[in-house]
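Okay, thanks for coming, everyone. Let me put the model up and then walk you through a pocket and some rings.

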Amino acid sequence: MIGFAIALFCVPSAAADDNAFFESRVRPVLGEHCLKCHSEEARAKGKLRGGLMLDSRAGWAKGGDSGPAVVPGKPESSPLISSLSHAGELKMPPAGRLPANQIADHREWIRRGAPAPRG
C-alpha cells in the first residue's frame with residue numbers, strides 16, 4: 001500500500017505535464033516570433049498588430065480584430081494554427097512559415113486545451 005501511495009505522488013500530473021509542454025515548446029516560439037507585435041509590451045509601445053495579444057490566456061482567448069486566436073481543444077478551428085501554417089488569409093510570422101515541428105507543438109498545445117501556468 002505504501003508503494004502505491006508513493007507511486008501516486010511520483011507520477012507527474014497531467015496539468016504539470018501540460019504546463020511543462022507549454023513552457024518548453026510553445027512559450028519560447030511565441031516569444032521569438034510573435035510577442036514583438038502581439039503582447040502587452042507591443043501595445044504599450046503602440047506596436048500592437050491586429051489587436052491580438054498572445055502573452056496571456058485572456059489575450060489569445062479574446063483574440064484580436066478577427067476574434068479568438070485559439071479554440072481550446074480544437075486546433076483545426078483555431079485561427080492561430082492556420083496563421084502559423086500559412087494556410088489562411090493571415091500568414092504569421094510574416095517573415096516565413098515556422099518549421100513543421102513547431103506548428104505541430106502548437107497544435108498539440110491547443111489539443112490539450114491551451115494550458116498556460118501563468119494566466
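**The pocket and the rings**

In the largest pocket, α5 gives the largest share of the lining, four residues. Quick housekeeping: this is a predicted model, where local features need pLDDT of at least 70, side-chain atom pairs count only at pLDDT 80 or more, and totals for chains, interfaces and linings use all residues. Residues are numbered from 1 along each chain as its sequence is written, and side-chain values use heavy atoms, with hydrogens and water left out.

Helices here are DSSP runs (H or I, at least four residues), numbered from the N terminus. Both α2 (14-33) and α5 (79-84) supply at least two residues each to that pocket lining.

Now the rings. We've got three aromatic pairs in the structure; Phe, Tyr and Trp rings (for Trp, the six-membered one) pair if their centres lie within 6.5 Å, and planes under 30 degrees apart are stacked, over 60 edge-to-face, the rest tilted. F22 and W109 make a tilted one, 5.5 Å centre to centre with 35° between the planes. That links distant parts of the chain, since F22 is in helix α2 and W109 in helix α6 (residues 100-111), 87 residues apart.

Then W60 and W109 pair edge-to-face, at 5.0 Å and 80°. W60 lies in helix α4 (residues 57-62) and W109 in helix α6, so this pair ties together parts 49 residues apart in sequence.

So, are these tryptophans buried or exposed? W60 is buried, at 4% relative accessible area, and W109 is buried too, at 1%; buried means under 20% (1.4 Å probe, protein chains only). Put together, F22, W60 and W109 form one aromatic cluster.

Technical notes
Buried means under 20% relative accessible area, exposed over 50%, partly exposed in between (1.4 Å probe, protein chains only).
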